[in-house]
Structure formats: structure tokens, C-alpha cells
Amino acid sequence: MSSGNKISLGGRIKGLEAIDKAHVWHPFTQMKDWAQGDPLIITEARDCFIKDIRGRWYLDGVSSLWVNTLGHRKKEINAAITAQLAKAAHTTLLGLANEASIELAGRLAALMEKSFAPFSAPPDKKNKKLTRIFYSDNGSTAVEVGLKMAFQYWRHKGERGRSLFVSLENGYHGDTIGAVSVGGVEMFHDVFRPLLFDTLKAPSPYCYRCGLGLEYPACGLACTGPLEDFFKTRGQEIAAFVLEPMVQAAGGMIIFPDGYLKKVKELCEKYGVLLIADEVATGFGRTGRMFACEHEGVVPDILCLSKGITGGYMPLAVTITNDEVYGAFLGGYEELKTFFHGHSYTGNPLACSAALAVLEIFENEKVIDGLSPKITLLQERLKEIGAHARVGQAKSLGLMGRIELVEDKPHGTPYPWEEKMGWKVALRALEKGLFIRPLGNVMVLMPPLSISLENLDRMMDMVHCSICGAFGG
Ligand SMILES: *Cc1c(COP(=O)(O)O)cnc(C)c1O
């Protein structure tokens with residue numbers, strides 16, 4: 001950096017842009033378009049704002065892709081990571097244990113007890129308590145671990161025929177091959193079809209685009225019919241049903257009707273199918289409860305968590321299961337019942353220390369209790385926006401919001417995806433000082449949980465103005 005002082009800011013920006021365009025391959029990005037634009041280079045962040053290299057601040061309307069819950073540069077999280085850094089940055093969990101991962105596992109187990117005990121009280125469900133924590137480092141691997149765990153569990157139970165997974169259309173579980181196999185977002189997943197293992201896809205409870213034309217509860221949750229048919233006809237072949245509880249996030253922020261998740265759980269119980277809940281997006285307060293499963297009193301067999309677990313500070317994930325699943329892996333060494341899975345950064349102490357600080361803050365600051373005025377404000381503002389002629393549906397659960405743009409409101413006709421309508425609105429928002437990233441025609445609203453009421457209101461002003469600016473009205 002000795003020459004740093006001599007280069008003008010303009011020169012420094014040009015240099016970074018050139019390197020970015022020459023060498024950084026951005027995720028989910030058409031790089032031909034990217035190379036023609038000016039990348040926003042972020043240099044600093046604070047609270048719910050991010051600052052670019054030119055000194056402009058933007059509201060972080062997507063929580064840095066859904067990971068940041070408590071704001072940027074939260075004192076206690078910074079301090080926890082720094083304190084851990086002074087002790088050890090990383091030591092392995094393969095053959096060793098470490099302080100931070102032990103403490104976090106204890107704390108997560110207690111959190112599971114607190115969140116799920118009300119729904120799993122009967123003594124016969126004792127071995128269904130979520131007590132066993134398997135570490136990895138991102139949402140996709142948390143799901144891979146869950147799938148492999150379920151698969152191997154049935155082998156050890158002597159039901160080798162149970163090797164099939166059921167998942168939902170519009171589901172998203174990450175980008176590794178197993179996670180893509182259970183994914184259901186055509187645009188992301190279709191090209192990889194020949195590489196994937198076979199799964200059964202049940203319809204998504206996407207009420208806004210449900211062909212029945214009936215409002216819940218008149219529909220009687222007809223969308224669970226095909227799922228039950230799978231369980232009925234092929235139940236003996238099914239290892240697990242995997243879904244994102246309450247909200248299908250990357251598939252378009254699709255919010256479930258009441259009763260759907262509960263019904264799904266009943267079907268899993270009835271047919272002896274394991275339930276894998278992927279709460280990578282919904283976990284840690286996003287839906288207004290600590291975990292989305294709590295909305296319907298559902299205890300999954302396997303729970304996948306990542307994104308919010310460290311407040312967006314460090315990569316970390318956990319796959320949590322019960323003693324029934326865990327117990328099936330115990331045996332003599334020569335029986336080869338070991339769970340053969342692990343990653344280099346499994347149980348990373350820096351990440352675990354960040355997560356410990358996050359859980360501490362959730363408790364000390366009563367984060368979940370503090371959400372309700374924000375949840376109400378978001379609902380109210382979305383109701384106004386929902387009146388716009390180009391908005392088909394504006395809806396939220398907790399602090400996860402969706403605005404679906406449509407070409408023709410009475411018929412719900414979507415804009416052709418090639419028109420990039422979501423992006424056109426997002427660009428206007430950026431000009432006003434709000435960073436959001438749409439999913440096709442769906443504007444995604446996912447502010448940090450810690451956002452103030454004022455900033456949330458400002459954010460919704462910017463969203464509303466951007467929609468009016470793009471379409472008029
Ligand atoms: C983001 C996401 C994943 C994948 O997590 P990564 O950390 O990006 O691998 C998996 N499941 C859900 C529900 C997600 O939202």
C-alpha cells in the first residue's frame with residue numbers, strides 16, 4: 001500500500017474495477033452484462049447501511065443476502081470474534097474438540113429445547129428432541145449433510161429401500177449437487193438435470209398462482225394431495241421430505257397458507273417419512289419467530305441452519321437432529337455405521353464465537369419480542385403498495401416481504417422474465433439509496449432484524465417510489 005497515497009481515488013476505483021472485471025467471477029451473474037456496468041464496490045458497513053468506495057451510503061435491504069440479522073459492525077459480535085482470534089483462529093473437529101464449538105452446541109441444544117419443547121412434550125417423543133449438532137460451513141452443505149444423514153439412517157435401520165427424497169416445486173436448498181437435486185427452481189436447476197439424482201416433486205403451496213382459484217381455507221389445502229399420493233404409493237421408498245418451512249425464499253418468497261406445514265408434518269408421521277426442515281433462510285427470527293417451524297408447532301427430524309446463525313459475520317452452518325437418528329449411527333467400529341462426512345472448516349472457532357455472541361444478543365436484547373412493530377409496519381406498507389396496478393401480490397411473514405410485479409393484474413399475467421422487470425425497479429431503488437436484489441418479477445424485502453422503524457419506513461418509501469417510478473402511478 002506504499003503507493004496508495006499517490007493514487008487518486010478515481011485511479012484507485014478504476015484499478016479495482018479493472019481487476020474485478022478481469023478476475024472475479026460473480027455468483028448468479030451474467031458476466032457479459034456485469035463487465036459493461038460499473039460495479040458497486042463496498043468498503044464499509046454500519047448498522048443497516050453499506051458504503052461504496054465513492055462514499056455513498058445505501059440501505060442494505062437484503063441483509064447482505066439474508067445473512068445479516070443484527071446490523072453491521074455490531075460491537076459484541078466484533079468483540080467475540082476478536083477475543084477468539086487472540087486464542088486460536090481454527091483447529092479441526094476431526095479428532096479434536098474446541099471450546100467455542102462445544103459451547104455453541106450446548107447453547108443451540110438449549111435453544112432447541114426452548115423453541116420446540118412446547119410441541120414435543122409427550123414422553124414417547126423424548127428421542128425426537130433436537131439435541132445433536134453437526135457442524136458445516138454453509139447452507140448448501142447443511143442440506144447435503146441432512147440428506148446424507150437421512151439416507152444413511154434408513155440403511156442402518158435395515159430399510160435400504162428408502163432412498164428417495166420428496167421436495168417441493170419452487171424449493172431452493174443450495175447449489176451443491178445434492179441440494180440442487182432436491183431443488184425446484186427451473187431457471188437455476190434445469191441445466192444440471194442430467195447430473196442430479198431422481199426426486200419426487202410435490203406442488204408448491206403458492207396460493208397466488210394456485211390453479212384452483214380458491215382462497216384458503218376453502219381450498220382445503222388441496223396442494224397436499226399429490227404429496228400424500230407419493231407417500232401412499234411409494235412411502236416405503238421414501239427417506240425424507242425436505243422443505244423450507246413457511247416461506248420458500250429463493251423460489252420467490254412464497255408464503256405458505258396456515259395449516260400447510262402442520263398438515264405436511266402429520267403426513268410424514270403417518271407414513272414414517274423423515275422431515276428435513278431447511279431453515280437456512282427462515283431461521284433466527286426472520287419470520288417473526290426464532291424458527292419458522294414454531295408457527296405451526298412442528299418439530300422436524302432434521303433441521304438445517306446457516307445464514308443468520310452468525311449474524312452474517314462468518315460462514316457457519318449446523319444440521320441438527322434427534323437421538324433417534326443419531327442413535328442409528330452408533331455401533332462397533334467394524335460395523336461401519338460412522339457418519340462419513342466432514343469439512344475442513346467444520347466447527348471453526350471464530351465462526352462459533354460469532355454465533356455465541358449472536359445468541360447472547362437475541363436473548364439480552366429480546367430481539368424476537370422487539371420485532372412486532374416492524375412486522376406490522378412492513379405489513380401496512382405492503383398493503384399500500386399492493387394497490388398499485390402492476391403489483392399482483394404484496395405480502396410478508398415476519399420481516400420477509402415479497403412484491404410480485406405483474407403485467408396484467410386481473411389475470412396475474414407475469415412479465416416475461418427476459419424483461420428483467422425486478423431489476424428495473426431495483427435499479428431505481430439503488431439510485432434512491434436502497435440496495436435490493438429481486439428474484440425475477442418478485443421484489444424481495446429482507447432488512448436486518450435490527451433495522452429501526454424509521455429506516456424501515458424510509459426503505460418502504462424508496463421501494464414504493466421505485467415501483468411508481470418504473471411503471472407510473
Ligand atoms: C441460501 C439458502 C441455502 C444455501 O445456503 P448457502 O450458504 O448459500 O450455500 C439453502 N437453503 C435455503 C433455504 C437458502 O435460503
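## Around the ligand

In this predicted model, the residues that surround the ligand are W66, N138, G139, S140, Y172, H173, G174, E244, D278, V280, A281 and K307; a residue counts as near when one of its heavy atoms lies within 4 Å. This shell divides into four nonpolar, five polar and three charged residues. Here Ala, Val, Leu, Ile, Met, Phe, Trp, Tyr, Cys and Pro are nonpolar, Asp, Glu, Lys and Arg are charged, and the others, Gly among them, are polar.

Taken alone, the ligand exposes 380 Å², and the protein buries 83% of that (Shrake-Rupley method, 1.4 Å probe).

## The whole protein

The C-alpha atoms fill a box of roughly 65 × 60 × 45 Å along the principal axes. Of the 473 residues, 51% count as buried, meaning under 20% relative accessible area with a 1.4 Å probe, protein chains only. The accessible surface of the protein comes to about 21600 Å², and 56% of it belongs to carbon and sulfur atoms.

## Reading the model

Residues are numbered from 1 along each chain as its sequence is written, and side-chain values use heavy atoms, leaving out hydrogens and water. Local features need pLDDT of at least 70 and side-chain atom pairs 80 or more, while totals for chains, interfaces and linings use all residues.

Notes. Buried < 20%, exposed > 50% of the residue type's maximum accessible area, 1.4 Å probe, protein only.
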